[in-house]
Amino acid sequence: MYKKSVIIVISLLILVSFVGLAFRNNDKQKVTQSEKIAIIYVEGVIVGGRGQNNVFSEQGGTDQVIKQLHEARDDSSVKAVVLRINSPGGSAAASQEVGEEIKKMRLAGKVVVTSMADVAASGGYWLAACTDKIYANSTTMTGSIGVYVPYANWEELYKKVGIYQEKIKSGVHKDILSPERPMTSEERAIIQVMVDDIYNQFVAVVVEGRKMDEIEVRKLADGRIFTGNQAKQLGLVDELGNMYDAIDGAAALAGISGKPVIKEYGKQSPWSMLFGANGQAGSLLEQVIINQAKNALNIGAPTELATDKWQVR
Amino acid sequence: MAIWDILYDLLFEPRNAMRKVAEVKNAGQAVLIALISIFIPIFAVSFAIKDTSITTLVHIMIGVKIVASLLVWMIGSAIWNLIAEFFGGKGTALGLFAGLGFAHFPRIFIVPLWALAALMPESIQSLLMVISVLLILCWSVTLDVIAIKEIHQLSTAKAILVMMTPLLVLGLLCFITFIFISSSLINMPMWI
């Protein structure tokens with residue numbers, strides 16, 4: 001009888017706990033119907049494509065950011081989005097793709113506010129310029145409004161190690177930016193036209209997004225970086241503050257009263273979920289260096305390193 | 001034999017419980033307890049982590065957990081029974097099946113432990129959940145070892161060895177496979 005009583009008490013305890021966990025989830029679901037602010041992260045070098053994704057995490061690739069923007073746009077309970085940018089820039093095309101999605105989201109009636117972290121430069125600033133309001137820390141590194149196509153001439157190194165590389169090409173400019181020979185003046189002119197084209201598009205984005213005079217923007221758009229403080233004085237940034245200031249600003253713009261409910265987008269790894277660890281390894285500088293080595297930072301055609309065409313003489 | 005007698009003994013006198021299971025071989029009750037102990041904690045876990053962004057991972061975890069638990073229990077009973085007989089065990093496969101089924105019972109305590117963790121501050125919730133899972137896992141493994149020990153009348157050391165043998169064999173197979181693969185790569189023909 002005693003044993004039966006103990007087991008019954010344990011069973012009741014388990015049943016109450018089970019119901020409690022279920023209702024806790026229901027309460028959270030009720031809260032989730034209320035007005036929300038979505039936080040979408042743009043971290044690291046901005047590159048297009050899917051990046052590396054598995055069940056446990058996602059890394060890189062603006063396709064994910066665009067997907068998250070779509071999800072936030074389709075979620076009627078999300079009234080505002082805070083774009084948390086911590087990026088030194090990246091591909092112009094990828095930045096443009098995300099920028100266009102931000103504009104579509106704003107046209108759909110959602111407020112989009114930027115919160116700049118350590119760095120929001122170049123492509124990072126492209127995205128910020130497409131948003132309703134920009135918050136930066138006073139020591140944030142931003143600006144770098146400009147475009148470059150990296151090129152390296154490895155001709156002398158190849159000679160030193162005895163590598164002779166040759167391309168049999170269909171057109172005279174097919175191997176433009178090729179590292180095994182100097183760039184011709186005609187090729188330089190072609191690339192310069194491309195760079196100028198992309199640069200003009202970048203300036204247009206800043207002019208439209210920041211509602212600034214084009215002449216004023218071009219004066220600032222010589223590629224230099226600014227601190228958050230300087231950027232505010234120059235009109236490139238609206239307010240100085242951290243992410244939570246941006247959240248409060250987004251709530252105010254969206255007309256959300258009281259403390260806003262936050263919804264973060266993006267997969268969390270089980271490790272970071274369990275222990276709150278930040279899986280981001282390496283500094284942004286390391287990522288920039290690594291991605292430069294992989295030719296992932298260029299805006300024009302990448303320099304080609306086809307090792308199977310090397311011929312040792 | 002009343003199920004609450006076994007459950008009580010399982011919690012407070014596990015050796016007595018497993019001896020009774022060895023005598024009675026109440027597989028039906030074991031199946032009931034095992035299924036309850038597998039499914040209820042899974043639902044509790046899914047409630048607890050459903051509102052995170054890893055919904056895909058939740059579904060996969062639930063599926064893997066159910067299949068893995070049932071497979072390990074059923075196939076494991078057969079394999080461990082065979083190994084126990086090699087070590088001189090005197091029990092039966094049905095007895096071990098029942099014992100390992102009952103050994104699932106502590107997993108149900110995940111539910112109140114996670115409910116308790118949910119009441120704690122958010123900063124330590126995840127840590128408490130992980131600790132409770134580890135504790136329950138240790139408890140379950142201990143009961144598995146006791147089941148093998150009492151049902152096959154082996155010493156504790158032999159019971160642990162019976163439990164570990166499949167893992168050791170798997171490890172040895174992986175090691176041998178690795179050596180073969182490495183050797184074959186080293187000996188690939190060189191073109192002169």
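**View 1. A:Tyr135 stands opposite A:Glu239 in strand 10 of chain A.** This is a predicted model. Strand 10 covers residues 239-240 of chain A. Its partner here is strand 6 of chain A. The two strands pair in the parallel sense, over two bridges.

**View 2. Strand 6 of chain A is also joined to strand 5 of chain A.** Strand 5 spans residues 111-121, and strand 6 spans residues 133-136. Three bridges join them, and they run parallel. Look for A:Val113: A:Lys133 of strand 6 stands opposite.

**View 3. Strand 5, helix 4 and strand 6 of chain A make a β-α-β unit.** The unit is right-handed. Its helix holds residues 123-129.

**View 4. Chain A as a whole has eleven helices and twelve strands.** Of its 313 residues, 43% count as buried. Chain A exposes about 16700 Å². Carbon and sulfur atoms supply 56% of that area. Take the contacts in chain A with a separation of 6 or more: 73% of them come from residues 24 or more positions apart.

**View 5. B:Asn26 sits in a loop of chain B.** The loop lies between helix 2 (14-24) and helix 3 (27-49). B:Asn26 counts as buried because its relative accessible area is 9%, and buried means under 20%. Leaving aside neighbours within four places in sequence, B:Asn26 is in contact with B:Ile6, B:Val21, B:Ala98 and B:Phe102.

**View 6. Helix 7 of chain B runs from residue 122 to residue 152.** This helix has 31 residues. From first C-alpha to last, helix 7 reaches 46 Å, close to the expected 45 Å. Just after the helix comes B:Gln153, with a positive phi of about 55°.

Definitions and conventions: Residues are numbered from 1 along each chain as its sequence is written. Chains are lettered from A and ligands numbered from 1 in the order in which they are written. This is a predicted model: local features need pLDDT of at least 70, side-chain atom pairs count only at pLDDT 80 or more; totals for chains, interfaces and linings use all residues. Side-chain values use heavy atoms; hydrogens and water are left out. Helices (H or I, at least four residues) and strands (E, at least two) are DSSP runs, numbered from the N terminus. Buried means under 20% relative accessible area, exposed over 50%, partly exposed in between (1.4 Å probe, protein chains only). Contact means heavy atoms within 4.5 Å. Accessible areas come from the Shrake-Rupley method with a 1.4 Å probe; for residues, only the protein chains shown count as cover. The expected span of a helix is 1.5 Å times one less than its number of residues. Two strands pair if DSSP finds at least two bridges between them. A crossover is right-handed if, with the strands pointing away from the viewer, the path from the first strand over the helix to the second runs clockwise.
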